[in-house]
Amino acid sequence: MATQDFRPEKKISIFYPPQRVLMGPGPSDTHPRVLSAMARPTLGHLDPVFTDMMEELKSLMRYAFQTANLLTFPVSGPGSVGMEMCFVNMIEPGDKVIVCRNGVFGGRMIENVERHGGVAIVVDDKWGEPVDPQKVEDALKKNPDTKILAFVHAETSTGVQSDAKTLSELAKRYDCLTIMDTVTSLGGTPIYIDGWGIDAVYSGSQKCLSCPPGLSPVSFSERVVDLVKNRKHKVHSWFMDINLLLGYWGSSRTYHHTAPTNALYGLHEALLMLYEEGLEHSWARHMRNHKALKAGLQTMGIEYVVAEPYRLPQLNAVHVPVGVDEKEVRRRLLAEYNLEIGAGLGDFAGKIWRFGLMGTSSRVENVVFCLNALEKIFSDMGMKVERGAAEVAAHRTYAANPNTL
C-alpha cells in the first residue's frame, strides 16, 4: 500500500477563518495584543526565562481572583478540566457533596461528583433563578457529614449570578469546603476569593479574559492543599493530581507535562491587560455595556430571563419574542453580519438567546452594531420595530452612565 492511498481526496489549502464579532456565551473576541503575544518565539517549558514568566502569570492571576493562595495557576485545558481538577483532587469514595443546580453547569458538577465516587446531594433551583441559600442550609442540616459545597457563581446557561459570599459563609458554619465555578464571572463581575473564603475555584481563559480557549485558571486554599496531601486514596487522575503539579508550578520546576508555552504567553498578556485596566474598571465597563444593550433590546420588546438583582452583565439571557424563528435570527446574524450570539441550552433550548458582552467583546461599538442588526432582521421578518430607536436608547444610557467609577 502506497502513501498516496491515504492522501485526502479534497485539495486542502491554508485555513483562513472569517472575522466574526463574537457576542455569544463564549469564546469572546481575542484581543490583538493576545494574538500577538501567542505568535512570539516558542520556549521550552523548563526554560528559565519561561519559568520567570510563569511567576508573573501566577501573580497576575492572584490579582484577578483577589487571593493570596500560593497554589494559583492555569491548568493546561479548558474550564471543564479545571472543574474536574477540583473534584478529582478533593473527593474520595463515599464523600458527600452538596451540589447546587440551577442550570447546565451545576449538572456537570453532579457528574463529576458521581464519576469520582462521591455522593451528590442535589439542591435544585429554577433555571434563571439564583441558588437559594435557605435550601442549601436545609441540605447541610440534613447532611451534617457533608464534606464539600459546590456551586456555580455565574451560570452561563441562564445568565444568573448567585450569592457566593452567603453560600461560603454557610459552608464554613457547617464545616464544609467550597468549590466555585467562575468560568463566566472572572474579570467581568466582582470575585473576592479570600474575602469570601472560597477553598477551590476554577475559570476559563476564553470568556471575560478574551484569551483563546484552552487554559483554566484555578486557585486552591491551604485547606485544600492539606486535604490532598493527606488523602487516603491516590488521586484518580495522574495529569490533574495537585501533588504532582506542585512540583512544576511550585519552586522546584520538576517536569510534569509539556506546558502550552505560547498559549500561556497569551494568558499572561490577557491578565496583564486586566491589571492595566484595573478590576474595578473592567467590572464597571461590563455593567455599562450591559445597561446599554438592555435599553436597546427593550425598545424591541425583548425581556430578560433573570430578575435584575441577579443578572450577569456579561451574559445577557433574554426571551425570544413570540412568533420569531430564533434559529433564523441567529443564522442571519452570522451569515449577513458575521455576528454570533448564543442559543438556549437544556430547558431553555429554543426559548432564549444569550448575548455575551465579555472582555474585548464588551465594547460600545459591538452593542450598537448588534442592536442595529437585530432591528433590520426583525423588520425584514415583519415585526413592528422603530428603526434607530434601539441605538438611541443605548446612547442615552451611555450618556447617563459615563465611563467613570
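Ala, Val, Leu, Ile, Met, Phe, Trp, Tyr, Cys and Pro count as nonpolar, Asp, Glu, Lys and Arg as charged, and the others, Gly among them, as polar. Keep these classes at hand. The structure is a predicted model.

**Exercise 1. The largest pocket**

Describe the largest pocket by its volume, its central residues and the classes of its lining.

*Solution.* 
Step 1. Start with the volume. The largest pocket has about 290 Å³.
Step 2. Look at the lining. There are 13 residues in it, and those closest to the centre are Q19, R20, D29, T30 and L35.
Step 3. Find the elements behind the lining. Strand β1 (21-22) and helix α1 (32-38) supply at least two residues each.
Step 4. Sort by class. Six residues of this lining are nonpolar, four are polar and three are charged.

**Exercise 2. The largest cavity**

State how many cavities of 30 Å³ or more there are, and say what lines the largest cavity.

*Solution.* 
Step 1. Count. There is one cavity of 30 Å³ or more.
Step 2. Give the volume. The largest cavity has about 30 Å³.
Step 3. Name the lining. It consists of F73, P74, V75, S76, M85, F239, L245, W249 and H257.
Step 4. Assign elements. Both β2 (71-76) and α9 (242-249) give at least two lining residues. The largest share, four residues, belongs to β2.
Step 5. Sort by class. Seven residues lining the largest cavity are nonpolar and two are polar, with no charged ones.

**Exercise 3. Helices α5 and α6**

Work out how α5 and α6 are oriented, then list the residues in contact.

*Solution.* 
Step 1. Take the geometry. Helix α5 (residues 133-142) packs on helix α6 (residues 164-173) at about 15°, and their axes are 10 Å apart.
Step 2. Apply the cut-off. Angles under 35 degrees count as roughly parallel, so α5 is roughly parallel to α6.
Step 3. The crossing of α5 and α6 is right-handed.
Step 4. List the contact. From α5 come P133, V136, E137 and L140, and from α6 come T166, L167, L170 and R173.
Step 5. Sort by class. The contact of α5 with α6 has five nonpolar residues, one polar and two charged.

**Exercise 4. Helices α2 and α10**

*Solution.* 
Step 1. Take the geometry. The axes of α2 (residues 48-65) and α10 (residues 261-277) come within 9 Å and cross at roughly 40°.
Step 2. Sort by class. The contact of α2 with α10 holds 14 nonpolar residues, two polar and one charged.

**Exercise 5. Helices α11 and α14**

Describe the packing of α11 with α14, and sort the contact residues by class.

*Solution.* 
Step 1. Take the geometry. Helix α11 (residues 279-299) and helix α14 (residues 389-400) pack at about 150°, with axes 7 Å apart.
Step 2. α11 passes α14 in a right-handed crossing.
Step 3. List the contact. R288, N289, K291, A292, A295, G296 and T299 belong to α11. Their partners in α14 are A389, A390, A393, A394, T397 and Y398.
Step 4. Sort by class. The contact of α11 with α14 has seven nonpolar, four polar and two charged residues.

Conventions. Residues are numbered from 1 along each chain as its sequence is written. This is a predicted model: local features need pLDDT of at least 70, side-chain atom pairs count only at pLDDT 80 or more; totals for chains, interfaces and linings use all residues. Side-chain values use heavy atoms; hydrogens and water are left out. On a 1 Å grid over the protein atoms alone, a cavity is a set of points where a 1.4 Å probe fits but cannot get out, and a pocket is an open set with protein on both sides within 12 Å along at least five of seven lines; lining residues have an atom within 4 Å of a point. Grid points are joined across faces, edges and corners, and a volume is the space filled by probe spheres set on the points. Axes are lines fitted to C-alpha atoms, for helices over the stretch in contact, and angles run from 0 to 180 degrees between N-to-C directions. Angles under 35 degrees count as roughly parallel, over 145 as roughly antiparallel, 65 to 115 as roughly perpendicular and the rest as oblique. A crossing is left-handed if the near helix is turned anticlockwise from the far one by less than a right angle, and right-handed if clockwise. Contact means heavy atoms within 4.5 Å.
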